[in-house]
Amino acid sequence: MLPYFQGRSCGAWNAGARALFANITLATTRQDLLKSLVEGIFLEVSNSIRLLQDCVEISQVYISGGMTNSRIMNQMQADIYHLPLKRMKNSEATSIGALLVTLVHRKSTALRKRRFKSSAEEMKYSPMNRILKRLYCTKIKESK
């Protein structure tokens, strides 16, 4: 799944990039589509993290928002990013994100101690990311 509903905004900045669902059959479920969508988004976030790591050291990822209440989503992100996640105690803390930039080098008591680390599942995401990149490149070539 290529998650480019409004173009691609990081890496190969491309306003013309479009979303793509592939290999859909009659056996494909809503859950399959949702999972592939979320995986595609997380893989793109991971690619952005890799670009940032060329400039600064990133040793963990802070997460917040309603979706962080899902252990499955948190584990998926940890597996895809290959980095430990720290979930904000207040899962709806997205609105204070600007403040986090200021606190990035400080220890905050607002952080939960629970961390998600990469699991055995992470191994499946490297090939998936290669497929995502290959699909994107193929789609771009076809549109020219």
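Student: Which residues form a nonpolar patch on the surface?
Tutor: In this predicted model, the patch is formed by Phe5, Phe21, Ile24 and Leu33, which together have about 370 Å² of accessible area.

Student: Where is leucine 33 placed, then?
Tutor: Leucine 33 lies in helix H1, which covers residues 30-53.

Student: And why does leucine 33 count as partly exposed?
Tutor: Its relative accessible area is 30%, and because partly exposed is the class between under 20% for buried and over 50% for exposed, leucine 33 belongs in that class.

Student: How do H1 and helix H2 cross?
Tutor: The axis of H1 and that of H2, the helix of residues 71-81, come within 9 Å of each other and cross at roughly 40°, which means that H1 is oblique to H2. The crossing of these two helices is right-handed.

Student: Switching topic: is asparagine 129 buried or exposed?
Tutor: Asparagine 129, which sits in helix H4 (residues 125-143), is buried, because its relative accessible area is 13% and the cut-off for buried is under 20%.

Student: How many residues apart in sequence are asparagine 129 and leucine 43?
Tutor: They are 86 residues apart in sequence, while in space their C-alpha atoms are 6.3 Å apart.

How values were computed:
Residues are numbered from 1 along each chain as its sequence is written. This is a predicted model: local features need pLDDT of at least 70, side-chain atom pairs count only at pLDDT 80 or more; totals for chains, interfaces and linings use all residues. Side-chain values use heavy atoms; hydrogens and water are left out. Patches are made of residues with over 30% relative accessible area and no salt bridge: like charges are joined within 9 Å, nonpolar side chains (Val, Leu, Ile, Met, Phe, Trp, Tyr) within 5 Å. Accessible areas come from the Shrake-Rupley method with a 1.4 Å probe; for residues, only the protein chains shown count as cover. A salt bridge is a side-chain nitrogen of Lys or Arg within 4 Å of a carboxyl oxygen of Asp or Glu. Helices (H or I, at least four residues) and strands (E, at least two) are DSSP runs, numbered from the N terminus. Buried means under 20% relative accessible area, exposed over 50%, partly exposed in between (1.4 Å probe, protein chains only). Axes are lines fitted to C-alpha atoms, for helices over the stretch in contact, and angles run from 0 to 180 degrees between N-to-C directions. Angles under 35 degrees count as roughly parallel, over 145 as roughly antiparallel, 65 to 115 as roughly perpendicular and the rest as oblique. A crossing is left-handed if the near helix is turned anticlockwise from the far one by less than a right angle, and right-handed if clockwise.
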